[in-house]
Amino acid sequence: MRVWVLGRIVAENCFTDYFHSRNFIPAWLVLFGCVFLFISSCATKEHQVMDHGKHDTAIDKNEPSVPIASTQDPLLYSDRQHAATLTSEDGFYRVSAFSNEHPLPMQKIHTWTLHVETSEGQPLENAKITVHGIMPEHRHGFPTNPKVTEYIGNGDYKVEGIKFSMPGYWQIRFNIKETNRRDTVVFEVNL
Amino acid sequence: MLQTLIFNFRSSLIICSIFLVLIVSLISACAAVQQGSESETEKTTGEQLSTLHRWDDRELSLMKNLWIGNLLMTPPDSERNRVADNPEAISFGHKLFFDKRFSGNGQVACASCHKPELYFTDGLQMAQGMGTVTRNAPTIVGASFNHWFFHDGRADSLWSQALGPLENELEHGGNRSQYAHLVYEDAELRNSYEKLFGTLPDLSDKKRFPSNAGPVGDAQANSAWQAMSEMDRKSITDIFVNLGKVIAAYERQIKPAPSRFDVYVKAVLDNDAGAIANTLSDAEVAGLRLFITKAQCAICHTGPMFTDFEFHNIRTVTMPVKTPDLGRYNGARQVLESEFNCRSEYNDAADKSCPELKFIVTAKHDTVAAFKTPSLRNVSKTAPYMHAGQYQALSEVLKHYNDPPKQIIGESDLLFISLTETELSQLEAFLLCLDSPIAADPALLSPPS
């Protein structure tokens with residue numbers, strides 16, 4: 001009933017002249033045509049993809065359809081170019097980390113590179129760095145004992161022995177130690 | 001205005017009625033089409049099924065991770081065994097696998113505890129070779145995808161694993177010199193061996209090469225071994241290693257085929273409504289959901305073989321015993337000391353960096369009474385369960401997780417779960433969906449003719 005009244009008000013305001021003339025039929029046709037089109041477009045509108053996921057991991061990691069937005073996106077660890085830089089917890093270092101294999105492999109030992117600079121932008125040389133992994137939701141770490149095995153130069157450190165046993169949310173913690181100070185940085189990745 | 005409307009009322013009424021009919025039929029047509037239309041993750045054939053088959057991004061990621069489509073076509077680490085994929089080695093290994101002469105009493109072959117008709121297990125709580133072994137015989141099917149072998153991971157290659165039982169006095173109970181002489185003196189075995197590895201050294205001098213000698217439990221064989229020269233011991237060990245490598249070549253061919261679970265995952269990934277609705281029962285789908293969420297199984301039973309191939313203490317050492325099975329704690333030490341590990345001269349790979357050994361976890365809190373996660377593919381066929389066959393039925397295994405026994409030793413990796421009786425039976429129903437045939441040349445599934 002309301003639709004009818006609304007239609008009549010619209011008709012009165014927009015098509016008054018037509019309704020008073022012999023052209024009232026085309027006016028009604030136009031009105032109902034609009035209603036018809038409106039309803040048909042609603043009915044066939046593509047169903048919205050509901051965002052159930054708490055995490056924004058793309059299933060197909062080789063061809064992301066969205067730009068890297070999340071700090072946990074595995075693409076951030078795919079190479080030096082993509083690597084995000086984090087500031088360590090007390091602000092002493094600027095650190096980026098990336099894997100030698102992309103996409104990040106599952107159930108396979110692989111190597112990462114850690115790049116460390118001081119807050120002044122100088123490469124940090126010959127620091128003592130340890131690495132630990134954890135899946136906080138499951139209370140377990142890496143199934144291996146990864147180590148920083150070599151200082152490559154220019155602030156780059158070779159990190160070997162990393163292995164992700166399963167998909168999900170991982171934290172990779174680097175403890176960086178110089179003679180007079182130390183700091184920690186934690187990378188998060190959602191596999 | 002009103003008069004104009006009343007004057008044209010009949011015409012208007014007719015036109016409105018026509019349009020109303022059109023609109024109503026369009027709406028119902030669209031509703032029907034929409035129910036069957038392609039949508040991203042919500043394939044349904046009715047309101048009831050839609051919730052059952054609705055998976056969020058995280059669940060889909062876990063399902064895809066478990067899907068057999070991710071399994072490597074060729075098992076890894078072939079470069080460490082130079083005959084790993086050699087057809088003649090596979091054929092020779094097939095023969096050895098079923099040959100009972102490779103034992104102390106002539107009665108034990110690999111197939112004695114790894115029977116093809118029992119999914120390459122033996123159906124016993126603990127394996128029975130020349131004696132009763134302290135552990136349950138795991139399956140060979142898909143074993144080649146591991147990087148640690150035995151329940152405690154004391155071997156780091158499939159070929160070196162095969163050598164363990166051959167010299168274990170409770171299993172084959174033989175020694176490497178015995179096996180070398182057997183190959184040397186049997187025309188068929190010798191021919192198969194030499195085709196792959198070249199001419200055998202001359203073993204006819206029994207003073208240099210005693211019939212029974214090896215670093216084994218038997219005192220006589222052991223002292224005979226110690227009396228041999230370094231060079232002669234190496235000749236015998238080389239032959240022994242090669243036998244392990246051909247057995248491994250055969251075992252690499254024995255893999256699991258896709259299961260109904262894999263068909264379901266493919267259907268979901270392809271948005272195939274019919275297959276989604278008809279592959280698994282409601283209970284099985286509910287069980288799958290539990291597996292990857294509430295029951296927490298997919299934390300360790302992850303990846304296309306439904307195992308992370310790593311070691312966990314899940315409170316399976318339950319009785320306070322005099323000498324508890326320390327599992328990985330001993331296994332890690334043994335593999336690092338093994339004469340056949342990745343760092344040995346017997347590793348055929350050019351790259352001897354051996355990362356698994358280099359970054360091995362040995363800490364007590366991670367390894368004491370920890371055992372390797374077994375694959376769950378075809379789990380219905382591998383009873384009894386756990387490292388010492390403690391549980392006969394899957395329902396008992398699930399009850400163990402749902403209501404774990406007291407921690408006797410080590411630190412548990414178990415997470416607290418609380419499933420209802422219904423959920424337990426759904427989970428069990430799902431595990432049966434992991435049944436599949438064996439993907440192998442059928443000729444390899446029985447003794448060679």
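Which residue in S5(A) is the bridge partner of A:Ile134? Hello everyone, let's start there. The partner is A:Gly141. Before I go on, please keep in mind that what you see is a predicted model.

A word on confidence, then. The predictor gives the complex an ipTM of 0.83, together with a pTM of 0.81. For chain B the mean pLDDT is 92, and 92% of the residues in that chain reach 70 or more. One stretch of chain B to treat with care is residues 35–48, where pLDDT stays under 50. For that stretch the model has 23 contacts beyond four places in sequence.

Back to chain A and our opening pair. Strand S4 of chain A covers residues 128–135, and S4 pairs with S5(A) in the antiparallel sense over 2 bridges. Both belong to an open sheet of 4 strands, whose order is S5-S4-S8-S9, with antiparallel pairing. At the edges of this sheet you find S5 (140–141) and S9 (182–190) of chain A, and each of these pairs on one side only.

Now follow the sheet to S8 and S9. Strand S8 of chain A, residues 169–177, pairs with S9(A) over 9 bridges, again in the antiparallel sense. If you want a pair to click on, A:Ile172 has A:Phe187 in S9(A) as its bridge partner. How many residues does the hairpin use to join S8(A) to S9(A)? The hairpin connects them through 4 residues.

Chain A has another open sheet to show you. This one is built from 5 strands in the order S1-S2-S3-S7-S6, and its pairing is antiparallel. Strand S1 (85–87) and strand S6 (147–153) of chain A are at the edges with a single partner strand each, so one side of each has no neighbour in the sheet. On average, neighbouring strands in this sheet are turned by 30 degrees against each other, direction ignored.

Look at the S6 end of that sheet. S6(A) and strand S7 of chain A, residues 156–162, run antiparallel and are joined by 5 bridges. Here a tyrosine faces a tyrosine in the pairing list: the bridge partner of A:Tyr151 is A:Tyr157 in S7(A).

One more stop in chain A. The peptide bond between A:His102 and A:Pro103 is cis, with omega about 0 degrees. A:Pro103 sits in the loop between strand S2 (93–99) and strand S3 (110–118) of chain A.

Over to chain B, and its helices. How do H8(B) and H9(B) lie relative to each other, parallel or perpendicular? Helix H8 (residues 176–185) and helix H9 (residues 187–197) of chain B have axes 5 Å apart and pack at an angle of about 95 degrees. H8(B) and H9(B) are therefore roughly perpendicular. On the H8(B) side the contact is made by B:Leu182, B:Val183, B:Tyr184 and B:Glu185, and on the H9(B) side by B:Ala187, B:Leu189, B:Arg190 and B:Tyr193. By class, that contact has 6 nonpolar, no polar and 2 charged residues.

Among the contact residues are B:Phe92, B:His94 and B:Phe97 of H5(B), and B:Leu243, B:Ile247 and B:Tyr250 of H11(B). Sorted by class, this contact has 10 nonpolar, 2 polar and 1 charged residues.

For those of you who like cysteines: a search of the whole structure finds 1 disulfide over all chains. B:Cys342 and B:Cys354 are joined, with S to S at 2.0 Å. The link is left-handed, with -85 degrees about the S-S bond. Both cysteines are in the loop between helix H15 (328–337) and helix H16 (355–358) of chain B, 12 residues apart.

Finally, two backbone details in chain B. B:Ala383 and B:Pro384 are joined by a cis peptide bond, omega about -5 degrees, and B:Pro384 lies in the loop between strand S3 (371–372) and helix H18 (394–402) of chain B. B:Arg315 has a positive phi, near 65 degrees, although B:Arg315 is not a glycine. You will find B:Arg315 in the loop between strand S2 (311–312) and H15 of chain B.

How values were computed. Residues numbered from 1 in each chain as written. Chains lettered and ligands numbered in written order. Predicted model: local features only at pLDDT ≥ 70, side-chain atom pairs only at ≥ 80, totals over all residues. Heavy atoms only, no water. Contact = heavy atoms within 4.5 Å. Nonpolar A, V, L, I, M, F, W, Y, C, P; charged D, E, K, R; others polar. pLDDT = per-residue confidence, 0-100. Pairing = 2+ DSSP bridges. Disulfide = S-S within 2.5 Å. Axes fitted to C-alpha atoms, helices over the stretch in contact; angles between N-to-C directions. Parallel < 35°, antiparallel > 145°, perpendicular 65-115°, else oblique.
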